[in-house]
Structures are given as C-alpha cells and as structure tokens.
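Please open the structure in your viewer and keep the selection panel at hand. The stops below proceed from helix packing to the ligand and then to the backbone.

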Amino acid sequence: MQNTYKAEPYRIKMIEPIRETTRTERETLLANAGYNPFSLRSEDVYIDLLTDSGTGAMSQAQWAALMMGDEAYAGSRSFYRLERVVKAITGYAYFIPAHQGRGAEQVLLPRLVHKDGMVFLSNMHFDTTRAHVELAGARAIDCVVDICFETAKEAPFKGNFDLTKVTHQIEEKGPDKIAGIIMTLTNNSAGGQPVSMENLRAVSALGRHYDIPLIIDGARYAENAYFVKCREKGYADRTMREIVREAFDLADIFLMSAKKDGLCNIGGLIAIKEDRKLFDTCRTHLVPLEGFPTYGGLTGRDMEALAVGLEEALEEDYLAHRFDQVRYLGDRLIAAGVPIQRPVGGHAVFVDCRAFAPHIPYDQFPGQSVVNALYLEAGVRAVEIGSFLLGRDPDTGENLQSPLEFMRLTIPRRTYTYRHLDVVADAIIAIHAKRTELVGLTFEYEPPVLRHFTARLRPITP
Ligand code: P61
C-alpha cells in the first residue's frame with residue numbers, strides 16, 4: 001500500500017450542491033426523526049456517511065452506457081452484456097440479476113434450507129442476510145476470529161473465519177444441518193475487515209470435505225482482493241482479476257449487492273459455479289420475487305451501468321485512492337485519541353463506541369448516541385452498527401448484545417473530498433472531548449424486523 005497521500009484519480013465534471021443547517025435546526029430535525037437519522041431527509045444532511053451502498057458517483061463511461069440500455073422485457077441485450085462481464089470475472093456458469101443484495105438473498109437462501117433446524121455459518125452475517133436466513137426458517141451463526149473484537153489490536157485480516165469455531169459448529173450440529181457457509185467479503189459488521197486468501201482456502205476445504213456449499217457474500221469483493229494484494233504474501237504481483245478469480249474458484253455461489261463494488265446506485269446478482277439444479281430453482285423463484293430472468297428487477301440501463309462498474313471497481317488506481325481516503329479519516333481520528341477499529345477497513349471507519357461512551361449500556365445503544373451527537377455537531381450522518389442494529393433474539397425476544405458497538409463512517413465511492421473528511425474528523429474530535437455528556441436512548445416505537453430502519457427513539461435524560 002502507498003505511504004504518501006495521492007489525489008483523486010479523476011476530476012469532477014458535475015456537482016451536486018449540499019446545504020449546511022444550524023445546530024438549532026438540527027435539534028428540531030433530529031427530534032422529529034425520532035432520534036433515528038434514517039428518518040432524516042437527505043437535504044437536511046450536510047455530509048452523508050450513512051452508507052456506501054448505492055451512494056457513489058458513476059463515471060462518464062457508466063453514464064454513457066445508460067443510453068445503450070435495452071429495455072426489452074425478455075432477452076435484453078443489456079442482460080447478455082452484464083452476463084458476459086459477470087461470467088468473465090467469476091468464471092461461473094450461471095448468472096441471475098436481482099434488484100439489490102437482499103433481492104438476491106431472498107431468491108437464493110431459502111433454496112438451501114431443506115429441513116427444520118438448519119443453520120448458516122458465516123464469518124459475520126450482515127443484517128439483511130441474517131434477516132433472510134431467519135425468514136427462511138434457519139438460524140445464523142457467526143464464527144469470526146476473536147481478534148476482531150479487540151479494536152485497538154492491529155492484525156491484517158480481522159475479517160477471517162475462526163476455523164476451530166466453524167469446525168466445531170459443523171461437527172456439533174452435523175454437516176447435514178448446515179445449509180451453507182457464507183463468506184462475507186469484506187466483513188462489513190467487523191469493520192470492513194478483510195479475509196485472507198489462506199483463510200478462504202481453508203474454509204473452502206472444510207466446505208468440500210463436508211459437502212456444504214460455500215457462498216461468497218461479496219458486496220465488497222474487489223476491496224477484499226485489494227487487501228489481499230497489499231497484505232498477503234505472494235499476491236503483490238498478481239493482477240486484481242487473478243486474485244478475484246482465485247477467490248471465486250474456491251467458492252460455489254456468489255451473492256452480491258452491486259450497490260457497493262458494482263459502482264452502481266442499484267443492482268444485485270447471483271452467480272452459481274456449476275449447480276444447474278440450483279440455478280433452475282433460483283430462476284423459478286426469481287420470476288415472482290424479482291422479475292423475469294433477463295432483468296431481475298433491474299432496468300436495461302441499470303444492467304449496462306453495472307457491466308461497466310464491475311470492471312471499473314477492479315482498477316487499482318481507483319482502489320488505492322479509495323483505501324487512502326478511508327485511511328486518511330482513520331489516521332486523523334487515531335491521532336486525536338478517538339478509539340476506532342484498527343486497522344481501518346475498506347469502506348468505512350468504525351468508531352468503537354463502547355470505548356467512546358463506556359457509561360452507556362448496550363441496550364441504551366451507545367453507538368446510536370454518538371451517531372446522533374455527530375449529526376447535532378456538524379450535520380454529518382453516520383450509522384450505528386451495534387446492538388441497535390442487531391435486534392432481538394428470534395426465539396427469546398431478548399435484546400441481543402452486540403460484541404461490538406460501532407458508529408460507522410461509511411465513505412461513498414468517488415463522492416467526497418479530503419476536505420469533507422476533515423469536517424467529519426473535526427466534529428468527531430469535538431464530541432469526543434465532551435463524551436461524558438452523551439446519554440443513552442430508549443424506544444418509542446420498535447418494529448419487529450430490521451428495527452433500526454424505522455424505529456423511533458427518545459434520549460434518556462438523567
Ligand atoms: C451497508 F443500514 N449493506 O453496508 P442491499 N451483504 C452485505 C451488505 O453490506 C449488504 C447486503 C448484503 C449495506 C446497506 C444497508 O441496515 C442496513 O443491496 C455484506 O443493501 O440489499 C448491504 O445488500 C444487502 C444499510 C443494509 C443498512 C442494511 O450499508
């Protein structure tokens with residue numbers, strides 16, 4: 001990885017104005033939003049680091065490709081173009097488009113659950129994946145390496161599977177109860193932390209030994225491959241294409257939210273290496289859930305933009321700049337003594353809110369408290385990745401305690417400048433200085449599924 005900061009590998013051809021608000025305005029806006037920034041209007045947000053999902057800027061080549069969209073209901077030329085690109089990158093035989101990641105999940109995951117009591121094992125399930133596992137009647141078990149919970153400790157691949165945990169789960173439950181092994185690349189919930197090729201190889205060997213399918217949940221597979229190139233022995237001289245192909249060769253199925261490393265505002269996909277029967281059953285279910293197999297919920301122009309975006313996301317100049325932006329923000333926070341998951345991940349800086357606000361218990365959501373303080377301070381919208389997002393145990397209804405309480409500062413691709421990141425860093429450093437004043441939150445309204453999207457909260461005033 002480079003040691004010097006470099007400028008953006010692009011220049012700006014079109015701009016989108018953003019607006020500052022006053023602190024008094026923000027106090028009213030946040031109260032009206034039920035202390036949940038998901039309910040803010042984006043025009044009331046100055047710098048939006050809620051997510052890197054669908055929020056990036058498209059390139060001139062992608063905008064040009066939109067004009068080539070073939071909007072035929074069946075047999076669209078744009079579908080075949082996208083299919084060619086996906087097959088060339090993955091080497092897989094079968095491709096199915098979907099409107100976004102969770103669309104792909106709802107088509108694929110229930111097809112792998114054949115009986116009661118089945119489980120999926122993952123390094124870490126992201127929340128929509130967990131929700132679809134549970135909706136399919138299965139259970140989701142995370143088997144990540146323990147070092148990912150020690151945010152201050154640096155390690156190159158904190159997203160890895162713990163091989164002892166996963167082997168133990170397979171043997172305890174019995175291989176026939178394991179519906180699939182889900183390798184999340186990069187490991188979003190752990191802080192955008194990467195997985196090494198060595199770990200992927202070992203997990204693949206386990207899957208093959210026990211005849212369990214290995215699914216790559218690869219929303220950020222290109223970023224993961226770039227970490228492998230930068231950090232893993234033997235990969236520095238390999239091309240991005242070679243590295244991602246090696247990863248896909250080790251797995252059986254690829255699920256992707258293409259709103260991340262597809263560099264698109266919408267899109268998802270399923271690719272299947274060779275299981276024709278699985279492909280057929282997925283396509284059958286695709287029709288009522290997402291749409292006809294040659295569009296799967298996407299317009300022809302979406303598929304064109306995605307075909308271009310998938311290739312651009314593998315360009316090293318782009319990836320080096322992206323990593324540098326995330327590192328820049330992380331370095332500023334570390335220098336000021338703000339606790340973050342170290343080293344920084346690929347798509348975001350994750351602030352460790354258990355260390356930031358240790359006086360707030362997990363079921364009063366320390367991460368959400370810091371997220372709200374950041375909005376009030378500077379109009380910056382971040383997102384909680386912790387106990388608020390994790391929700392309740394589906395069997396007992398108890399609030400689950402997340403092992404990590406994060407505020408995620410997610411960097412949209414090709415969108416903000418280093419100066420924007422300075423504004424974010426300055427604001428976080430300011431709230432860190434008065435962190436003892438932060439208070440916890442309680443529910444005014446709690447929806448039963450994926451509660452963090454629409455919940456309403458209230459600060460617990462002392
Ligand atoms: C994100 F606040 N991620 O990180 P879809 N797998 C993985 C993801 O990261 C992912 C999906 C599947 C989002 C969007 C998001 O509570 C939230 O295209 C590793 O979003 O359907 C999505 O892909 C699902 C933000 C999702 C959230 C759920 O920001």
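The model is a predicted one, in which local features need pLDDT of at least 70 and side-chain atom pairs count only at pLDDT 80 or more, while totals for chains, interfaces and linings use all residues. Residues are numbered from 1 along each chain as its sequence is written, and side-chain values use heavy atoms, with hydrogens and water left out.

**First stop: H3 and H11**

Select residues 77-90 for H3 and residues 300-312 for H11; their axes come within 8 Å and cross at roughly 25°. Helices (H or I, at least four residues) and strands (E, at least two) are DSSP runs numbered from the N terminus. Axes are lines fitted to C-alpha atoms, for helices over the stretch in contact, and angles run from 0 to 180 degrees between N-to-C directions. The crossing of H3 and H11 is left-handed, that is, the near helix is turned anticlockwise from the far one by less than a right angle (clockwise for right-handed).

Next, display the side chains at this contact (heavy atoms within 4.5 Å). On H3 they include Phe79, Leu82, Val85 and Ile89, and on H11 they include Met303, Leu306, Ala307 and Leu310. By class, the contact of H3 with H11 has 10 nonpolar, two polar and three charged residues. Here Ala, Val, Leu, Ile, Met, Phe, Trp, Tyr, Cys and Pro count as nonpolar, Asp, Glu, Lys and Arg as charged, and the others, Gly among them, as polar.

**Second stop: H7 and H9**

Move to H7 (residues 197-210) and H9 (residues 240-250), whose axes are 9 Å apart at an angle of about 20°. That angle makes H7 roughly parallel to H9. This crossing is left-handed. Met197, Leu200, Arg201, Ser204 and Arg208 of H7 meet Ile243, Glu246, Ala247, Asp249 and Leu250 of H9. The residues of this contact divide into five nonpolar, one polar and four charged.

Select H14 (residues 366-378) and H16 (residues 418-433), which pack at an angle of about 115° with axes 9 Å apart. H14 passes H16 in a right-handed crossing. Val370, Ala373, Leu374, Glu377 and Ala378 in H14 meet Val424, Ala427, Ile428, Ala430 and Ile431 in H16. This contact has nine nonpolar, no polar and one charged residues.

Then inspect the polar contacts (pairs of N or O atoms within 3.5 Å). A side-chain N or O atom of Gln100 is 2.8 Å from an oxygen atom of the ligand. Asn188 likewise places a side-chain N or O atom 2.8 Å from a ligand oxygen atom. For Lys260, a polar side-chain atom lies 2.9 Å from a nitrogen atom of the ligand.

**Last stop: the backbone**

Select Leu185 and Thr186, joined by a cis peptide bond with omega of about -20°; Thr186 lies in the loop between strand S5 (178-184) and H7. A cis peptide bond also joins Arg342 and Pro343, with omega of about -10°. Pro343 is in the loop between helix H12 (316-335) and strand S9 (348-352). Finally, Phe365 has a positive phi of about 60° although it is not a glycine, and Phe365 lies in the loop between helix H13 (353-356) and H14.

Conventions:
Parallel < 35°, antiparallel > 145°, perpendicular 65-115°, else oblique. Polar contact = N/O pair within 3.5 Å; in protein donor to acceptor, adjacent residues only side chain to side chain.
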